[in-house]
Amino acid sequence: MGLNTVANACTTDTEDLSPQGRRAERATVRARARYREAGFNPFDVELFDLSSTGFRMITFSRPQIGKQIWVNLPGLQPLEAVIRRADGNSFGCEFVYPLHPSVAAHMQSKLR
């Protein structure tokens, strides 16, 4: 069996990646959220993308990749996330505990 066959045989429906290499459907949103690093006061950030597994935010602070953070989305308790990507002032973050798909869908429609 080739490597591709083995990889395909080991993939389950929940592990399937979208064509963009993502595990969950990402929606464009435009909202303010509260962001906090351990030991610092929270402040507002702009939220631009949201999925059940993460989000993209714009901030002028410079959190490091791998840094643990908390984000307050409107109407939800603080959610723990990790900085996974940085591009200038844009940061891709992954939730430590993914949102339930129905919660993600509700937040996506609420924050458009």
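In the predicted model, the side chains of Arg-34 and Asp-44 form a salt bridge with an N to O distance of 3.1 Å, a salt bridge being a side-chain nitrogen of Lys or Arg within 4 Å of a carboxyl oxygen of Asp or Glu. Arg-34 belongs to strand S1 and Asp-44 to strand S2, so the pair ties together parts 10 residues apart in sequence; helices (H or I, at least four residues) and strands (E, at least two) are DSSP runs numbered from the N terminus. Arg-34 is partly exposed at 35% relative accessible area, as is Asp-44 at 40% (buried means under 20%, exposed over 50%, partly exposed in between; 1.4 Å probe, protein chains only). Residues are numbered from 1 along each chain as its sequence is written. Because the model is predicted, local features need pLDDT of at least 70 and side-chain atom pairs count only at pLDDT 80 or more, while totals for chains, interfaces and linings use all residues; side-chain values use heavy atoms, without hydrogens and water.

Six salt bridges are found in the whole structure. One of them joins Arg-26 and Asp-49 at 3.6 Å, N to O. Arg-26 is partly exposed at 38%, whereas Asp-49 is buried at 9%. Arg-26, Asp-49 and Arg-56 are linked in a salt-bridge network.

Arg-62, in the loop between S3 and S4, is exposed at 56% relative accessible area. The side chain of Arg-62 reaches the backbone oxygen of Gly-88 at 2.6 Å.

Key
A polar contact is a pair of N or O atoms within 3.5 Å; within protein, one must be able to donate a hydrogen and the other to accept it, and residues adjacent in sequence count only if both atoms are side-chain atoms.
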